[in-house]
Amino acid sequence: MPLIVLLTGGFFIAALLYASVGFGGGSTYLALLALSGLDYRVLPMVALACNIVVVAGASIRFARAGLTPWKDALILTALAAPAAFVGGLIAIDREAFLVMLGVSLVLTGATLLIPVRENAVSAPSDVAQAETRRAKLAKILPFAAVPLGFVAGLVGIGGGIFLAPLLHLTRWNNARAIAATASFFILVNSMFGLAGQLFKHGAGMFGAAMVEALPLLIAVVIGGQIGSLLAIRVLPVKWIRWLTAALVTVVGTRLLLGV
């Protein structure tokens with residue numbers, strides 16, 4: 001079976017699964033492309049372009065469903081996006097690229113397996129404590145957005161794969177609001193990261209990569225739309241977390257074993 005057919009199928013499945021949890025799938029796209037033996041310099045550009053295609057639709061659907069906490073999401077994204085651009089400008093060799101991505105994914109999968117109680121507060125005192133905790137986190141989390149954005153731009157992913165576990169771990173909001181925030185975070189970071197990659201490698205390399213990646217872009221458009229619908233209407237919150245944890249752990253481990 002031709003390589004492009006296998007990649008197209010893999011990208012479709014990845015887009016469907018990642019969009020269902022508010023992610024773009026850039027990490028899995030990078031893994032599939034890296035395992036295919038393509039020039040690693042074009043991998044971030046293709047993955048970021050696919051990210052944008054997937055999370056643009058997902059972000060719109062989350063927003064229309066009233067799930068996006070815009071104030072906090074805009075603060076996190078505004079701080080991370082310039083750092084993603086700077087990260088995209090920095091050159092990194094293939095081995096370091098794969099190790100950094102693999103380790104990040106394995107750690108992400110581990111944090112997502114930490115139990116998070118949903119709708120656990122009921123008494124007025126519990127509600128007040130939850131609101132106080134969220135107010136404190138709202139002041140602290142923006143400081144984490146800058147390094148997360150930088151790493152995202154450096155390895156060529158949107159950064160939501162790093163942000164979402166942190167938000168879950170600190171119980172920043174409910175799972176669907178976190179998925180919506182991660183989706184918007186990825187969209188903007190991917191745009192800025194891609195801009196950095198373009199400055200680094202030039203429009204010629206990007207154009208050639210996009211021509212070859214056209215079937216992959218079509219696949220993620222279709223898969224991303226299906227996945228974002230599943231996130232809002234079908235998949236239970238617990239499944240969203242477990243699905244994400246399993247996916248990123250498998251991909252991260254595969255990357256590390258292949259280095």
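This is a predicted model: local features need pLDDT of at least 70, side-chain atom pairs count only at pLDDT 80 or more; totals for chains, interfaces and linings use all residues.
**Entry 1. Overall make-up**

I began with the secondary structure. I found 11 helices and zero strands in the protein. Reading along the sequence, I wrote the pattern down as α-α-α-α-α-α-α-α-α-α-α.

Next I looked up burial and surface. Of the 259 residues in the protein, 49% are buried.

**Entry 2**

Two packed helices are described by the angle between their axes and the distance between the axes. I noted both for each pair below.

Helix α1 covers residues 3–19 and helix α2 covers residues 26–36. Their axes cross at roughly 165° and come within 9 Å. An angle over 145 degrees counts as roughly antiparallel, so α1 is roughly antiparallel to α2. I recorded the crossing of these two helices as right-handed.

Which residues make the contact? On the α1 side I listed Leu 3, Leu 7, Gly 10, Phe 11, Ala 14, Ala 15 and Tyr 18. On the α2 side I listed Ser 27, Thr 28, Tyr 29, Leu 32, Leu 33 and Ser 36. Sorted by type, the residues of this contact are nine nonpolar, four polar and no charged.

I then looked at α2 by itself. Helix α2 is mostly covered, with nine of its 11 residues buried. The buried ones are Gly 26, Ser 27, Thr 28, Tyr 29, Leu 30, Ala 31, Leu 33, Ala 34 and Ser 36. After α2 comes Gly 37, and I noted that its phi is positive, near 90°.

I went to helix α11, residues 237–258, where Leu 247 lies. Leu 247 and Tyr 18 are 229 residues apart in sequence, yet their C-alpha atoms are 8.6 Å apart in space. Setting aside neighbours within four places in sequence, I found Leu 247 in contact with Leu 17, Tyr 18 and Thr 28. Tyr 18 and Thr 28 had already come up in the contact of α1 with α2.

**Entry 2. α3 and two of its residues**

Helix α3 spans residues 43–64 and holds Asn 51. Is Asn 51 buried or exposed? Its relative accessibility is 1%, so I put it down as buried. Leaving out neighbours within four places in sequence, Asn 51 is in contact with Gly 24, Gly 25, Gly 26, Tyr 29, Ile 157, Gly 158, Ile 186 and Ser 190.

Not counting residues up to four places away in sequence, Ser 59 touches Ser 183, Phe 184 and Leu 187.

I also looked up how α3 packs with helix α9, residues 203–212. The angle is about 60° and the axes are 10 Å apart. The crossing is right-handed. Met 45, Val 46 and Ala 49 in α3 meet Met 205, Phe 206, Ala 209 and Met 210 in α9. I sorted the residues of this contact into seven nonpolar, no polar and no charged.

**Entry 3. α4 against α8**

Helix α4 (residues 70–89) packs with helix α8 (residues 175–201) at an angle of about 20°, and the axes are 8 Å apart. An angle under 35 degrees counts as roughly parallel, so α4 and α8 are roughly parallel to each other. I marked this crossing as right-handed.

The contact residues in α4 include Trp 70, Phe 85 and Leu 89. Those in α8 include Thr 181, Phe 184, Phe 192 and Lys 200. Phe 184 is also one of the residues that Ser 59 touches. Divided by type, the contact of α4 with α8 has 16 nonpolar, seven polar and one charged.

**Entry 4. Asn 174**

Last, I looked at the loop between α7 (160–169) and α8, where Asn 174 lies. Its relative accessibility is 34%, so I noted Asn 174 as partly exposed. Asn 174 and Leu 67 are 107 residues apart in sequence, and I read 9.6 Å between their C-alpha atoms.

Conventions. Residues are numbered from 1 along each chain as its sequence is written. Side-chain values use heavy atoms; hydrogens and water are left out. Axes are lines fitted to C-alpha atoms, for helices over the stretch in contact, and angles run from 0 to 180 degrees between N-to-C directions. Helices (H or I, at least four residues) and strands (E, at least two) are DSSP runs, numbered from the N terminus. Angles under 35 degrees count as roughly parallel, over 145 as roughly antiparallel, 65 to 115 as roughly perpendicular and the rest as oblique. A crossing is left-handed if the near helix is turned anticlockwise from the far one by less than a right angle, and right-handed if clockwise. Contact means heavy atoms within 4.5 Å. Ala, Val, Leu, Ile, Met, Phe, Trp, Tyr, Cys and Pro count as nonpolar, Asp, Glu, Lys and Arg as charged, and the others, Gly among them, as polar. Buried means under 20% relative accessible area, exposed over 50%, partly exposed in between (1.4 Å probe, protein chains only).
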